[in-house]
Amino acid sequence: MVDLRSATPSTAGPFAPPGPDEQGGDARVADIRRRLSGAHAASASLGEKARAKLDSQNKMFVRDRIALLFDEGSFVEDGRYANAMVAGLPADGVVTGRGTVEGRPAIVIANDPSVKAGSWGARTVEKIIRATEAALREELPVFWFVDSAGARITDQVEMFPGRRGAGRIFHNQVALSGRVPQICCLFGPSAAGGAYIPSFTDVIVMVEGNASMYLGSPRMAEMVVGERVSLEEMGGARMHCTVSGVGDLLAEDDAEAIELARLYFSYLPSTWEQEPPVYAVEAPLAPLTHASVPDVESVPFDIHEVIEGLVDEESFFEIKPLFAPELVIGFARMEGRTVGMVANNSAVKGGVLFTDSADKAARFIWQCDAYGIPLVYLADVPGFMIGSEVERGGIIRHGAKMVSAVSEATVPQFCVVVRKAYGAGLYAMGGPGFGPDATIALPTARIAVMGPEAAVNAVYANKIAQITDLDERAAYVAERRAEYETDVDLERLAADLVIDDVIEADRLREDLIRRLAYARGRDRYFSRRRHGVPPV
């Protein structure tokens, strides 16, 4: 990829000096041209000092960032001369306008960190509000390029409390949510109230070493609550992508962040009423075989191998890979069409669902449902985590949030029981009771309230404890376990129509592709109401 940080944009501007035939014209018009030309030049390029500062931070100039986002020659800008009569505030620190990404129109709202650290003034806020209003009016996706130190205290009365104040930005973002994609690249700080801008977007790509989000700075935390903490610990990119889950993707630099944003957009429709782009069909790099899934449920394996064997080659785009990795989510393509994947990963914590993994899944399911993207669940789950620590952490409400998302989704949904699907884990992974378009099981699948060992111990613990002879005890346990396994036998579940089909792994991709095609025109109705009240 071309490094545009060293590019020198033209500063000539659109206002040419008068030619020989125009000498003696209106001095007022000439003065307007001169001043606007100067304002244009001030916002078109960086001074030597500002350029050196960005280079030292491994940051790109805001207009170079936009050049990487949009198709060449497609960008048109609004409000370039905001605050032009005040020196040192070119475009008032934010660039807004429209362009195309692979031919699809979109809006960009990009902070300029070279203008007072990308801080907001009254005109900055007005430009952002107008851009979001245009997105609502024209139903255009929004790319947020965030790199801002927050509000200018000197402008607080003009830009903070009123009807056209900063709060309107958040209001408009919520109105846009689920209507058009909102994609955030966080290149630098997003401080105080401004930190909510990324949080209202669909995905946040954070540049490691530069990006940060926090409501109160480390200095403020020390002053108010007596805590001494570094910026990275408080709200750094890696922390948010691994611990808090606020960040979705970690990028090495600005160029990679923009590349990830473009790639993410390629899986989504431009609006909630449209379909995502369709791409050329690619066969999986390594198709699934009978041996792809271990027969023994206690043997951990990486579910990524199953995903890669199902989807078009190199099409899996994982989201939140560093956060709650016991659950894998992301977009992929099957026969060139976008699908959402939700998969338990037994290689991490046995694939058990925790509060974080439930939250991770719920938001992704809501997002897929908003944009009409079908969902494929790959279940290999022993259930939700138990114990006092997770109970205090509210695992019941977090689990209920995930189940709510599965229940409400009206896109085509397919539950594939890869191995175990025990207890509420079956429900959370789109099991039969939630009306999936089909529940498919591999021969390695097991569906039950709990595993055989746990079930036998739960029901017969007292009886087992009374048997003193070790051989007799082992025989008794084996007999009870055999009874339990017969009760939840896979063929019986198929015979009772609990599951719709049992197929080998090497047939799964072909089967799902057919089912996805047939379900494409399904009814999207769920319930007559304004909206649910999900647990939070």
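I started with Arg104: its charged end sits over the ring of Phe265, 3.8 Å from the centre. My rule for "over a ring" was NZ of Lys or CZ of Arg within 6 Å of the ring centre and within 35 degrees of the ring normal. Arg65 does this too, with its charged end 4.0 Å from the centre of the Phe187 ring.

A note on the source: this is a predicted model, where local features need pLDDT of at least 70, side-chain atom pairs count only at pLDDT 80 or more, and totals for chains, interfaces and linings use all residues. Residues are numbered from 1 along each chain as its sequence is written, and side-chain values use heavy atoms, with hydrogens and water left out.

Next I looked up the overall build. I found 20 helices and 16 strands, taken as DSSP runs (H or I, at least four residues, for helices; E, at least two, for strands) numbered from the N terminus. The C-alpha trace spans about 110 × 55 × 45 Å along its principal axes. Of the 536 residues, 49% are buried, meaning under 20% relative accessible area with a 1.4 Å probe, protein chains only.

Then I checked contacts (heavy atoms within 4.5 Å). Among those between residues at least 6 apart in sequence, 73% join residues at least 24 apart.

I counted 13 aromatic pairs, where rings of Phe, Tyr and Trp (its six-membered ring) pair if their centres lie within 6.5 Å. Which residues do ring pairs link into a cluster? I noted Tyr264, Tyr267, Phe317, Phe331 and Phe364.

Conventions
Phe/Tyr/Trp six-rings, centres within 6.5 Å; stacked < 30°, edge-to-face > 60°. Buried < 20%, exposed > 50% of the residue type's maximum accessible area, 1.4 Å probe, protein only.
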